[in-house]
Amino acid sequence: TQMMAASFKQRRDAIYQLLHELPGVSVPKPEGAFYALCDITGTGMTDIEFANRALQEAQVQLIPGSLMQGGEGFVRISYATSMENIEEGVRRLSEWLNNL
């Protein structure tokens, strides 16, 4: 419905802005679905290493891009959750990355 679409657009725009501030991460604006695709090559980690360490060290679950053909160097993060969860997840990623 229209209200749901507006809510997801708001979350998409918010996660896009927040992820852009992470060191070593670049994010094209998500166009569909409920995922942002992040290029993490600037961190010097592989997507598998980044996703594993994000889970262990920041308690944020991401999907390594290399699980999909041509996705090496990217991670997917879902924004099909509350604004509070989005903000908290990106805050944890930021804290983790800024302390490496």
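Q: At what angle do helix 1 and helix 3 pack?
A: About 10 degrees, with the axes of helix 1 (residues 2-20) and helix 3 (residues 83-98) 10 Å apart. Axes are lines fitted to C-alpha atoms over the stretch in contact, and angles run from 0 to 180 degrees between N-to-C directions. Helices are DSSP runs of H or I with at least four residues, strands are E runs of at least two, and both are numbered from the N terminus. This is a predicted model: local features need pLDDT of at least 70, side-chain atom pairs count only at pLDDT 80 or more, and totals for chains, interfaces and linings use all residues. Residues are numbered from 1 along each chain as its sequence is written, and side-chain values use heavy atoms, without hydrogens and water.

Q: Parallel or antiparallel, then?
A: Helix 1 and helix 3 are therefore roughly parallel (angles under 35 degrees).

Q: Which residues make the contact?
A: Helix 1 gives Q10, R11, A14, I15, L18 and L19, and helix 3 gives M83, I86, E87 and V90. Contact means heavy atoms within 4.5 Å.

Q: What does L19 touch beyond its sequence neighbours?
A: Leaving aside neighbours within four places, L19 contacts V25, V27, A36, C38, I77 and V90.

Q: And the largest nonpolar core, how many residues?
A: The core has 25 residues, and L19, L62 and L93 have the most contacts inside it. Such a core is a set of buried (under 20% relative accessible area, 1.4 Å probe, protein chains only) Ala, Val, Leu, Ile, Met, Phe, Trp, Tyr and Cys residues joined through side-chain atoms within 4.5 Å.

Q: Which element gives the largest share?
A: Helix 3, with five residues.

Q: New topic. What is the phi of Q59?
A: Positive, about 55 degrees, although Q59 is not a glycine. Q59 sits in the loop between helix 2 (47-58) and strand 2 (63-64).

Technical notes. Parallel < 35°, antiparallel > 145°, perpendicular 65-115°, else oblique. Buried < 20%, exposed > 50% of the residue type's maximum accessible area, 1.4 Å probe, protein only.
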